[in-house]
Amino acid sequence: MANPPQTSRVLLMITTDNFMGQPNDTTLYGPTLERFRKRMQAYPGTAVTDLGFRSANNLKRNAQQIDHVFMGRSSDVEEPQQEACRQARAATEGFIAVAKHLRGFARSLSRGLQGAILWTRLSQCAYNLQKVLQLYRAEALEEITLIKLRL
């Protein structure tokens, strides 16, 4: 099973994982957050998940480093952040649906766990390349990003 992809502010896929069976989301939050921190070299300002990730430990995890943690309930965050968190959650659901149904994440054409991992990574690369090209064409990339990409 592929874990739902983690995304950045411009909806690039940052991390993906494949697991045997269907592990409980509450056990995946900590390691996923840590992979995000390593890859992005910072914690997110806001963490938004669904109720499947909700646990007392996850709500407290890295509370000093993350400004807002929304795990499926509006009461998780102060009123000024509630609508933005609900919208981010809804957008993420749509993103996951598109990734599964239109971008090939629904079913791997490769066999076994190693094949599924390869399929997931290739799908992630293809998705991110398409997203970067869309942003480039729309002139929506910051100058520093263009320099880093040597565009």
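Q: What makes Gln41 count as exposed?

A: The relative accessible area of Gln41 is 71%, and a residue is called exposed when this value is over 50%, buried when it is under 20%, and partly exposed in between (1.4 Å probe, protein chains only); Gln41 is therefore exposed. This is a predicted model, in which local features need pLDDT of at least 70 and side-chain atom pairs count only at pLDDT 80 or more, while totals for chains, interfaces and linings use all residues. Residues are numbered from 1 along each chain as its sequence is written, and side-chain values use heavy atoms, with hydrogens and water left out.

Q: Where is Gln41 found, and what is its phi?

A: Gln41 belongs to the loop between H1 and S3, and its phi is near 60 degrees, a positive value in a residue other than glycine. Most residues other than glycine have a negative phi.

Q: How many helices and strands does the protein have, and what makes a run of residues count as one?

A: The protein has five helices and four strands, where a helix is a DSSP run of H or I with at least four residues and a strand is a run of E with at least two, numbered from the N terminus. In order from the N terminus, the elements are β-β-α-β-α-β-α-α-α.

Q: How do you know that S3 and S4 pair?

A: Two strands pair if DSSP finds at least two bridges between them; S3 (residues 46–49) and S4 (residues 68–71) are joined over four bridges in the parallel sense, and therefore meet the rule. Within this pairing, Thr49 stands opposite Met71 in S4. Strand S3 has Ala47 and Thr49 on its covered face, whereas Thr46 and Val48 are on the uncovered one.

Q: What makes up the largest nonpolar core?

A: Such a core is a set of buried Ala, Val, Leu, Ile, Met, Phe, Trp, Tyr and Cys residues joined through side-chain atoms within 4.5 Å, and here the largest one has eight residues: Leu28, Tyr29, Leu33, Ala47, Phe53, Ile66, Val69 and Met71. The elements that give two or more residues to this core are helix H1 (25–40) and S4, and the largest share, three residues, comes from H1. Ala47, a member of this core, is in contact (heavy atoms within 4.5 Å) with Tyr29, Ile66, His68, Val69 and Phe70, leaving aside its neighbours within four places in sequence.

Q: Why is the pair of Arg89 and Asp50 called a salt bridge?

A: The term requires a side-chain nitrogen of Lys or Arg within 4 Å of a carboxyl oxygen of Asp or Glu, and the N to O distance between Arg89 and Asp50 is 3.2 Å, so the pair qualifies. Arg89 lies in helix H3 and Asp50 in the loop between S3 and helix H2 (56–60), so the pair ties together parts that are 39 residues apart in sequence. With a relative accessible area of 14%, Arg89 is buried, whereas Asp50, at 25%, is partly exposed. Leaving aside neighbours within four places in sequence, Arg89 is in contact with Val48, Thr49, Asp50 and Phe70.

Q: How many salt bridges does this rule give?

A: The count comes to four. One of them joins Glu34 and Arg37, whose closest N and O atoms are 2.5 Å apart; both residues lie in helix H1, three residues apart, about one turn of the helix. Glu34 is partly exposed at a relative accessible area of 28%, and Arg37 is partly exposed at 27%. Arg54 and Asp76 also meet in a salt bridge, with 2.7 Å from N to O, and this pair links distant parts of the chain, since Arg54 is in the loop between S3 and H2 and Asp76 in the loop between S4 and H3, 22 residues apart.

Q: What makes Leu149 count as partly exposed?

A: The relative accessibility of Leu149 is 42%, which means that the residue counts as partly exposed. Leu149 is in helix H5 (residues 143–149).
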